[in-house]
Structure formats: structure tokens, C-alpha cells
Amino acid sequence: MAIFICFLFLAISYATACDRCVHQSKVAYFSRDSALSSGACGYGSMATGFNSGHLAAAVSSLYKDGSGCGACFQIRCKDTTLCSREGTRVIVTDLNRNNQTDFVLSSRAFMAMANKDKGRNILKQGIVEVEYKRVPCEYKNQNLAVRVEESSKNSNYLAIKLLYQGGQTEVVAIDFAKVGSSNWGFMSRNHGAVWDSDRVPSGALQFRFVITAGFDGKWIWARNVLPEDWKPGMTYDSGVQITDIAQEGCSPCDDGIWK
């Protein structure tokens, strides 16, 4: 137990870097948005349907070994003659392995930074200087969902990924148990947004998620998520919403104001 608590503290500390302060960097874009369908987060072809296609691959410091998958960022380019003051909001769905830019955006997100009728102009730039900050993800009237991966087997192996994770948080641990049981097991992050375990009991399943919230972690208990006859490839409503905002407390920059 002590080892688990120590690990959890380190995971939470690692997950709450000061990424919602305003940062200066550059962004590029994918010439083909289909590249994001094979992103490191493991969302697959589902990714192209997120956030109206406004997606991003983030550098490792923001990707955070997968805990940054699904995080939302507001990005705007610094050329005011070309770009709007609002910029665009993106969701992280991939790892950017090129450290020349903090993000590589979908072409749709890249164009959305531009002023009206200047979308093609910004594409010609290829790479632009930007400022960005992390912002809460908003999924109105949408609960956190659990998608069962195709590799899952109802006998004992279960792989899942979480969809519609709201707020400004990161999931740092997932536990599971048979509904009505207090015998909890834990899942491990397989890659990106995908968690798995090969010791899952048969029957309907409940979950506990540890998210970054406040200055610590917070348990969120989803009491009846997967039915007894859960099936690979299906998505199930968790019955809970995440709206928490993690408090970093590491810098006075977090005033929520774009200057």
C-alpha cells in the first residue's frame, strides 16, 4: 500500500506541470489529417471525429507518457495580421516526436487560427509562432465513456480507453471490481489512453478513477459501467462526469487572462 501511495503521489506530481500557464512556441500542421488516425494515444479512426477535427500531436512534456491524451489547449498564432485573437482549441490525440514545435495540428485546427478568409494564407506559412495554454475540456450533457478495445476477452483480459474526459484533469490510476464486490484490482497504462489488465473477473464491472484535482488526487467511482455481457468494440456510459480543474500552484501566471 505504501508503495502504491508513493507511486500515486509521484504520478500526480508529474501530471500537474505548469502547462496551463501561457507558453511561447511554434506549431506546424499535418498535410493529411489521416495521420492522426494512427496517433500514439490509441484513439484510432475515432480521433478524426473529436472536437470537429481540431486535433494535435503534443511534445513528450505535454503528452506525459499518455496521461496527456485528451487534454485540451487553446492555441493562437502571434501574427495579428494573419491570425485571430481567439485562436483555436485542440485536443491531444498523438505524440509529436519532432521537438522543433510543441504541437503539430490537424490542418483544420491550423486554419482555424487564421482571421476570416485567411485560412489558405496561414497554411502557406507551414510553421507559425504561437502562444498557448491548457484549458478545461467541455462535453456538455456527455458523461465519461469507457470503450472496450477489440483485443479484450471476456474471460479475463480487458483493455479500455476513456472518452469525453471533461475538466482540466488527468487520469493517473484506474481500479476495477465486480459489481457488489470490494475486491479491487488495478489496471496499468498499456499505451497512450489505453489501460488494461489480465486479471479481470467475469460479470458486470465497476471502476474507480484517480484524477488530478485540486492540489492532490481525487477518486471518482463509477458504480456500474460494464454489463455482464460486455463486448469488445462497444462504448459504455460511466454514469459520471468529470469537471474538476487541477490546481498547479507553481506560478502566478495562472490568471486565466489572454493579454
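Student: Cysteines first. How many disulfides does the count come to?
Tutor: The count comes to 3 disulfides. Keep in mind that this is a predicted model.

Student: Fine. What does Cys 41 join to?
Tutor: Cys 41 is joined to Cys 69 by a disulfide, with an S to S distance of 2.1 Å. The pair links distant parts of the chain, 28 residues apart. Cys 41 is in the loop between strand 1 (23-29) and strand 2 (55-58). Cys 69 is in the loop between helix 2 and strand 3.

Student: Left-handed or right-handed, that link of Cys 41 and Cys 69?
Tutor: Left-handed, with -90° about the S-S bond of Cys 41 and Cys 69.

Student: And are Cys 41 and Cys 69 buried or exposed?
Tutor: Both Cys 41 and Cys 69 are buried.

Student: Next pair. What does Cys 72 form a disulfide with?
Tutor: Cys 72 pairs with Cys 137, and their sulfur atoms are 2.0 Å apart. This pair also links distant parts of the chain, 65 residues apart. Cys 72 belongs to strand 3, while Cys 137 sits in the loop between strand 6 and strand 7 (145-148).

Student: Why is the disulfide of Cys 72 and Cys 137 called right-handed?
Tutor: Because the torsion about its S-S bond is about 115°.

Student: Why does Cys 72 count as buried?
Tutor: Its relative accessibility is 4%, so Cys 72 counts as buried; the cut-off is under 20%. Cys 137 counts as buried too, at 6%.

Student: What about Cys 77?
Tutor: Cys 77 forms a disulfide with Cys 83, with the sulfur atoms 1.5 Å apart in this model. The link of Cys 77 and Cys 83 is right-handed, with 110° about the S-S bond. Cys 77 is buried at 6% relative accessible area. Cys 83 counts as buried at 5%.

Student: OK, zoom out. How many helices and strands are in the chain?
Tutor: The chain has 4 helices and 14 strands. It is 259 residues long, and 51% of the residues count as buried.

Student: How much accessible surface does the chain have?
Tutor: About 12800 Å². Carbon and sulfur atoms account for 50% of that surface.

Student: And contacts? What share comes from residues 24 or more positions apart?
Tutor: 72%, taken over the contacts in the chain with a separation of 6 or more.

Student: Which residue stands opposite Arg 76?
Tutor: Glu 131, in strand 6.

Student: What does strand 9 pair with?
Tutor: Strand 9 pairs with strand 10 (residues 185-191) in the antiparallel sense, over 3 bridges. In one of those contacts across the strands, Phe 176 has Gly 185 as its bridge partner.

Student: How many residues lie between strand 9 and strand 10?
Tutor: There are 6 residues between them, and the two strands form a hairpin. In the turn, Gly 180 has a positive phi of about 90°.

Student: Where is Lys 64, and what about its backbone?
Tutor: Lys 64 lies in the loop between helix 2 (60-63) and strand 3. Its phi is near 55°, a positive value in a residue other than glycine. Lys 64 counts as buried, at 2% relative accessibility.

Student: And Asp 117: where is it found?
Tutor: In the loop between helix 3 (107-112) and helix 4 (119-125). Asp 117 also has a positive phi, about 70°, although it is not a glycine.

Student: Is Asp 117 buried or exposed?
Tutor: Exposed, with a relative accessible area of 70%. Lys 64, by contrast, counts as buried.

Note on methods
Residues numbered from 1 in each chain as written. Predicted model: local features only at pLDDT ≥ 70, side-chain atom pairs only at ≥ 80, totals over all residues. Heavy atoms only, no water. Pairing = 2+ DSSP bridges. Buried < 20%, exposed > 50% of the residue type's maximum accessible area, 1.4 Å probe, protein only. Contact = heavy atoms within 4.5 Å. Areas by Shrake-Rupley, 256 points an atom, 1.4 Å probe, with all protein chains shown as cover. Disulfide = S-S within 2.5 Å.
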